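Hi there,

I am handing over the structure we talked about, and you will find it just below. After it come my notes on what turned up.

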Amino acid sequence: MGGVTSLNDLPLRDNLRGLTPYGAPQLHVPVALNVNENTHGIPAAVADDIAAALAVAIRTVNRYPDREFTELRDSLARYLGHGLTRNNIWAANGSNEVLQQVLQAFGGPGRSVLGFAPTYSMYSLLASGTGTRWIAGGRDADFELSPATAVEWVDRVAPDLVFLCSPNNPTGTPLSLETIEAVYNATDGIVVVDEAYAEFGPDGSPSAMSLLPGRERLLVSRTMSKAFAFAGARVGYLAADPAVTDALRLVRLPYHLSALTQAAAVAALAHTPEMLAMVDDIRGQRDRLVSELARLGYTPLRSSSNFVLFGGVEDPRATFEALLALGILVRDIGISGHLRVTAGTEAETTAFLEALEGLGRQ
Ligand code: PMP
């Protein structure tokens, strides 16, 4: 064997040729505000409780875990309310895996999934990985998505699945229940509402969970990565008709959720009020970002999530690099004139705003 093997030398599937893997930089910097994590740590008392649950679970780790993760589904159903029971709930290693399983079951070769760009970058990659055709629909002004625009796209391309990100990443913009209902009525396919950031919406803002009764093709996914500060544990889930969870059982790997993951998630959910106490603080920092960015002359979009997309950035790459040199990592998601920043702790958010102000408008 001589030389260095490249991807092009391998008999890779044709539809994966030329693709780039998901690659948000993982740099060790003092202020990392680039991947919409919850930058607040888990409260110490809760961490102790989770550690105690893990200490118990590790003693039986010689056995395969509960393949049906029953206790976790019960905990998630209790957390979600809306009259949901364990039969409505599915979970996997992050909502990325949940969405992948949805595409494995309902997408695949000869099928298509419609999303509304710019949207979460993993959707198109998950589509490629499962051989599903990705169709990027468009949005209205300010990246909003009206029922009319969404339905026009559904009518035009007749997709097998529609992915609706609510609120949308990377724009932060919320999505109305009217748009979700209109899309559902316009298609015979699967409609997925990705509510990864739902807990950061205004108090009392309605969830697509409220639309589930009588809509067996509607799937609402969530994650513990954001509001629950559990990104490293990898726990995502969805609520849907029990028939949908039966479909996902056909494609999941046996025992896909480790006993340690299940124990940690159940212990965390038992402390829901403490775990969610940080959400209020994060919403406050998000609102502060929106008002301060506007004061500095930028054009932040309205946000129902834990991050803000702001326009008016002359040279996003240069501003990204200048902030990085000061130890602050934000996200250049390739939308011209825009950057995205996650709401951090008060100190982190202050560091970002002061650094940006110090750079002057660029
Ligand atoms: N959906 C959206 C909209 C996201 O932004 C993310 C994470 N950035 C995910 C899903 C996946 O999250 P996880 O796999 O950590 O649950």
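**Helix packing**

Helices α1 and α8 cross in the right-handed sense (a crossing is left-handed if the near helix is turned anticlockwise from the far one by less than a right angle, and right-handed if clockwise). Before going on, please note that this is a predicted model, in which local features need pLDDT of at least 70 and side-chain atom pairs count only at pLDDT 80 or more, while totals for chains, interfaces and linings use all residues. Residues are numbered from 1 along each chain as its sequence is written. Helices (H or I, at least four residues) and strands (E, at least two) are DSSP runs, numbered from the N terminus.

The axes of α1 and α8 come within 9 Å and cross at roughly 145 degrees; axes are lines fitted to C-alpha atoms, for helices over the stretch in contact, and angles run from 0 to 180 degrees between N-to-C directions. From α1 the contact takes V46, D49, I50, A53, L54 and A57, and from α8 it takes A259, L260, A263, A264, V266, A267 and A268 (two residues are in contact if their C-beta atoms, placed from the backbone, lie within 7 Å). These contact residues divide into 12 nonpolar, no polar and 1 charged. Here Ala, Val, Leu, Ile, Met, Phe, Trp, Tyr, Cys and Pro count as nonpolar, Asp, Glu, Lys and Arg as charged, and the others, Gly among them, as polar.

How many of the 11 residues of α8 are buried? The number is 10, so α8 (residues 259–269) is mostly covered, where buried means 20 or more other C-beta atoms within 10 Å of a residue's own, exposed means 12 or fewer, and partly exposed is in between, with C-beta atoms placed from the backbone. The buried residues of α8 pack against α1 (44–57), α2 and α9 (272–295).

An open sheet of 7 strands runs in the order β2-β8-β7-β6-β5-β3-β4, with mixed pairing; two strands pair if DSSP finds at least two bridges between them. β2 and β4 (133–137) are at the edges with a single partner strand each, so one side of each has no neighbour in the sheet. On average, neighbouring strands of this sheet are turned by 25 degrees against each other, direction ignored. β2 pairs with β8 (residues 236–239) in the antiparallel sense over 4 bridges, and I89 stands opposite A239 in β8. Helix α2 packs on this sheet and touches β2 and β8, its direction making about 115 degrees with that of β2.

There is also an open sheet of 3 strands, in the order β9-β10-β12 with antiparallel pairing. Its edge strands are β9 (299–300) and β12 (339–342), each of which pairs on one side only.

**Loops and ligand**

Two peptide bonds are worth a look. The bond from A117 to P118 is cis, with omega near -5 degrees, and P118 is in the loop between β3 (112–116) and α4 (122–129). The bond from N169 to P170 is cis, with omega near 15 degrees.

H82 has a positive phi, near 55 degrees, although this residue is not glycine. With 14 C-beta neighbours inside 10 Å, H82 counts as partly exposed.

Finally, 13 residues surround the ligand, the closest being G94, S95, N96, T223 and S225 (near means that the C-beta atom, placed from the backbone, lies within 6 Å). The shell has 4 nonpolar, 8 polar and 1 charged residues.

Best wishes
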